[in-house]
Amino acid sequence: MRLTATLCRSEAEFSELADEWDGLRARNRSATPFLSHAWLASWWRAYGRRGRLRVVLVRENGRLVAAAPLMLVHRPLPALVTLGGQISDYQDVLLDDSCPRAADALARALYAASRTAVVDLREVRPGGAAERLYAAWPGVRRRLTDSVCLELPGVPMDEMLQRLAPASAKRTRRKLRRIDELGIEAHDVTGDRVPESVGTMLRLHERQWRGRGVTPEHLRPRFGAHLVGAVEQLVASGDAAVTEYRVGGRVAACDVALVSPDLVCGYLYGADPALREQRVDIATMLLRHDAHFASATGRGTLSLLRGTEPYKLRWQPVTAANRRYLLARPQLAPALELLAAKAAAREAAARLVRRRGDAARARTLLDRAAVLRPRQ
């Protein structure tokens, strides 16, 4: 069996990879929906910079068996980072589970392509393909902890309620009855209506968070363009679900979930602020629907994605810390250690905020991390 590696630097060439890319993704059991070609290609069109695309491809007798979707950045030092950026809760590479040599071949190809850059793989879900790439890497390497995600089993709401204390479960049942009393009905959105529905979701998202610290990126046109473009394709391929929650024909809320064979990810939602005035627990409404969807389709895990907000923690989820893998050639060991030190400083700051609320000390550590630069 002959293995060959190529480096894709052309957006047009990357666009043409859709079918074989998603064929490879289907043969990589750990691949999340954030690794779909539709998601990555749409992200690149919205966020990519001309001349920076670096997609490493490995084929076995012409069949794609490994891929690393990367781009080149220069700050704070030259690095190859995964496509998807901060708006992707999970990132990774792709490896064909049926090809034992895929990880070694991708490691060699990526080693050759990295040249003077550190490979920085962020937000890898536990069990991701990057674990195998890390084990096969021939140079220097570091494994760090990245963001924390929370996960629940893909079971119906009746079983989900058993995770709560009796008093909490009783209150939640009252909230569910309130939703039903108001006549809120969930409707799947497909076909030509998906772009309009995602646009409605984004407008509702802005309204619900107005004056309450919305994530700024969610309001930017490039994010909207990316999400509409990606989700339309993902719904068509069965890799996403868009749901509208209607009251008397009016859309009161809308959410987008991304899916893979084992996983449902509740990605983003928007809700009319009037629902809260009507004492509707929006998070519980969405969770009931997504839990039913996961259970009905045989998907074992419902991911609440990044963040440890109290409304998530009340369900007693499992904590799953993403991983960060730093890989480099031996001569770039100082640059790799610099990135690791910066990550450690930011994590120390985050721990202080979580444990003590010591904002001043945290800001000092964050400032120190920000000025770390490689020696000239």
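W137 is buried, with a relative accessible area of 5% (buried means under 20%, exposed over 50%, partly exposed in between, with a 1.4 Å probe and protein chains only). This is a predicted model: local features need pLDDT of at least 70, side-chain atom pairs count only at pLDDT 80 or more, and totals for chains, interfaces and linings use all residues. Residues are numbered from 1 along each chain as its sequence is written, and side-chain values use heavy atoms, with hydrogens and water left out.

**Aromatic pairs**

- Rings of Phe, Tyr and Trp (its six-membered ring) pair if their centres lie within 6.5 Å; planes under 30 degrees apart are stacked, over 60 edge-to-face, and the rest tilted.
- That rule gives eight aromatic pairs.
- One of them joins F34 and W39 edge-to-face, at 5.2 Å centre to centre and 85 degrees between the planes.
- Both F34 and W39 are buried.
- Y111 and W137 make a tilted pair, with 5.5 Å between centres and 55 degrees between the planes.
- Y111 lies in helix α4 (residues 102-114) and W137 in the loop between α5 (130-136) and β7 (140-153), so this pair ties together parts 26 residues apart in sequence.
- Helices (H or I, at least four residues) and strands (E, at least two) are DSSP runs, numbered from the N terminus.
- Y111 is partly exposed, at 24% relative accessible area.
- F34, W39, Y90 and Y267 are linked into a cluster by ring pairs.

**Charges over rings**

- A charge sits over a ring if NZ of Lys or CZ of Arg is within 6 Å of the ring centre and within 35 degrees of the ring normal.
- R141 places its charged end over the ring of Y134, 4.7 Å from the centre.
- R212 lies over the face of W209, 4.4 Å from the ring centre.

**Backbone**

- R75 and P76 are joined by a cis peptide bond, with omega about 0 degrees.
- P76 is in the loop between β3 (63-73) and β4 (79-82).
- R115 is not a glycine, yet its phi is positive, near 50 degrees.
- R115 sits in the loop between α4 and β6 (118-124) and is exposed, at 60% relative accessibility.
- R279 also has a positive phi, about 60 degrees, without being a glycine.
- The loop between α10 (274-277) and α11 holds R279, which is exposed at 58% relative accessible area.
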